[in-house]
Structure formats: structure tokens, C-alpha cells
Amino acid sequence: MRKLLSIILVVVMAFAVGCTANEQAAGTAADDSTAAAAQEPAREYSIAAVCTSAGNQSTTNMVEHMQMKAAEYGNVTVTPYYYEANVNTLVEIIENLTSQNVDAIVLQAQGTSDGLDAMKAAVEAGIKVALFDTDMPELDYSFIYCASEYDLGYAIGSSAGTWATENLVANGIEVIAGVNTYREVEPAIHREEGIVDGIMETCPEAQIVMYTDCCTTADGVKCGEDFLAAYPNMNLIGSINDASILGIYEAYTSAGITENVGLFGTDCNEENVKIIANNGIVRGTVDLNLGGVGKLFVEGLYNILTGEGDAPEKTNFFPMISVTAENVGDYVE
């Protein structure tokens, strides 16, 4: 009987030891698997920011904030590409990005059909696309951040007209106004309409006597010179962006004109804000928070690419805050 019990105990102990060994082996395997997973590098994502011009400070500022947001993730890179308003260059850039199989493209097109076929090919290749400011209805893009163009123009124009009423009309000075637009691009036409309505509704005494057409600082200098050549007493200008206003400012100050003039744009460019803060003739801009929008582009695309978090709504509008002497202190250190 004792012998039988001894045999049973030996068998039980052997079984227990075997189970423990198996559990330890399984635990070691699981630990090895976990360690291997932890050592596996995170998937890298590439986002191309394809924009109109490196000379547009608001755009380059947005791209910088995109890169800042990408750095927070650690596995995202944002690379800018500027096609300098040349559609052929735009198409070439898109085709190269498609062949490189980038993960996503943020596109700032000038027109609704610019580079459309190349962009369609990119989408068909599986590249996620987000649009900046210009809609492309025929493209199956993921989301867009844009302005309500007429409303933005009205914000520019009403700020200009209010200033003119308070500072020119109130002092018996005739208001001779100009508008800078960019009619090659349909959204700019709607923005122009808003500027005109905004000026005339807040300053009925204003006479809008001339239009120019540009969107960069370099071209803005020429537009400013043209304004002054035609109307040396032009004292109010509303423009579709800050880059052109900065060029017009350079033309005016080079001509020695530093008072009783109001220049108004949008984008809240750093240089323009500094001039407002220093009581220069750039009197106003509209803050669209494009730095914040740049971060939202990266966050939205990251969520779509990884399946983590919520994807943005299809259409999203920029915020609009008028920046003048009254509140410019919020924008400078």
C-alpha cells in the first residue's frame, strides 16, 4: 500500500513540474512576443503639402505648424512643395508624389480644375487628399478647410470702411478707394465682391475708382505703384490677402506716404501685424488661424491613415477675427 502511494505521489509531482515548466515556457514566449512588438518600429507616414507660392507668408506659416504637429506624433513627416502658380509644375509635383506613393497630400489649388486629372490618379492610387481653401467638386477628397469667401471679403471691406469713416470722413478727407483682387481664381472673385460691399456699406462716401490683380508681395509693389500713378490721392485699399498688401505698403512708404491711408487684407501675416501694432498705414487684417488649421490638417489625416480618432467633417471653415489697432495687442508680444 505504501509503495502504491509513493508511486502516485511521484506521478503527481512529475505532472505538476511539467505543467509549471509549460507555463514558464508559455510565459517566456509571450514575453518575447511582447518585447518583439515593442521593438518593432512605428509605421512612418508621409504628408506632402503642395502650395501655390513660397512667397506667401501665411502659407509657409501654415506649413511650419503642420510640421510642428507632425513632430508631436514622431512618425509623421510633412514636406512642402511650392509650384509658384504654375499649373504644369503642379501636375509634375503631383505625378512625382503619386509615383513615390506618399500617404497623403494637402493641396492648395488656385482653380477648381487645376491638376485635377493628376489628383484623381493620386486618389485612385490610394493617397488620401485634403484641400486647402479651393474646393475641387470633381475630386473624391477626404476633407477641406476653406473660407466662406464672400464673408471673408466682407470682413476685410467692413473693417476698411469703418476705419475710413472714423479717420477720413470724420476729418473732411475724401475717400478714394482701390481694391486688389485675383480674378484668375474664382474664389477670389467672391472675396472681391465681399470687400466692395463691406466698404460701401460701412463708408457710403467712399469712391472705389480702381482695381488691380495680384496675390504676392512682389506683385503687390507693382500694384501699389499703379494705384499711385493713376490716383496719387488714393487713401483706402482692400485686398484679397496680406501678401499683396505688404507689397502695396512698400510702394506707398517708398513714395513717402505714411499717414491718412488705410491698407487692409487678410491672413494675419506677422509683418502686417507688426505694422498695425506700430501705427503704420497697414490698418487691419483678418486672422484665419492658419497655424491652427495647419495642425488640424495633420491631425485629421493622421486619424484617417491610422484609423485612430475621428475623421474631420467633409467641409470646415476658417475662423475669422478682424485685427486692428484695437486688438492687435493680442497678436504681438
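Reply: Lining residues are sorted by type: Ala, Val, Leu, Ile, Met, Phe, Trp, Tyr, Cys and Pro are nonpolar, Asp, Glu, Lys and Arg are charged, and the others, Gly among them, are polar. The model is predicted, so local features need pLDDT of at least 70 and side-chain atom pairs count only at pLDDT 80 or more, while totals for chains, interfaces and linings use all residues. Residues are numbered from 1 along each chain as its sequence is written, and side-chain values use heavy atoms, with hydrogens and water left out.

The second largest pocket has a volume of about 410 Å³. (A pocket is an open set of points on a 1 Å grid over the protein atoms alone where a 1.4 Å probe fits, with protein on both sides within 12 Å along at least five of seven lines; lining residues have an atom within 4 Å of a point. Points are joined across faces, edges and corners, and the volume is the space filled by probe spheres set on them.) Its lining consists of 17 residues, and Asn61, Cys268, Asn269, Glu270 and Tyr331 are the ones that lie nearest the centre. Two or more lining residues come from each of α2, α9 (270-277) and α10 (290-306), where helices (H or I, at least four residues) and strands (E, at least two) are DSSP runs numbered from the N terminus. Helix α2 supplies the largest share of this lining, four residues. By type, the lining of the second largest pocket has five nonpolar, seven polar and five charged residues.

The largest pocket has a volume of about 490 Å³. There are 28 residues in its lining, with Asn56, Gln108, Asp133, Cys215 and Asn241 nearest the centre. The elements giving two or more residues to that lining are α2 (57-73) and α6 (186-202). Here α6 gives the largest share, three residues. The lining of the largest pocket divides into twelve nonpolar, ten polar and six charged residues.

Now the surrounding fold. The protein chain has ten helices and twelve strands. Among contacts (heavy atoms within 4.5 Å) with a separation of 6 or more, 71% are between residues 24 or more positions apart.

Strands β1 (residues 45-51) and β2 (residues 76-82) run parallel and are joined by seven bridges; strands pair if DSSP finds at least two bridges between them. In this pairing Val50 stands opposite Tyr81 of β2. Ile47 also belongs to β1, and Ile47 counts as buried because its relative accessibility is 3%. Beyond four places in sequence, Ile47 touches residues including Met66, Thr77, Ala104, Val298 and Leu301.

Ile127 sits in the loop between α4 (116-124) and β4 (128-132). Its relative accessible area is 3%, so Ile127 is buried. Neighbours within four places aside, Ile127 contacts residues including Leu97, Val102, Ala104 and Ala122. Ser159, in helix α5 (residues 149-167), is buried because its relative accessibility is 14%. With neighbours within four places again set aside, Ser159 is in contact with Phe264 and Thr324.

Key:
Buried < 20%, exposed > 50% of the residue type's maximum accessible area, 1.4 Å probe, protein only.
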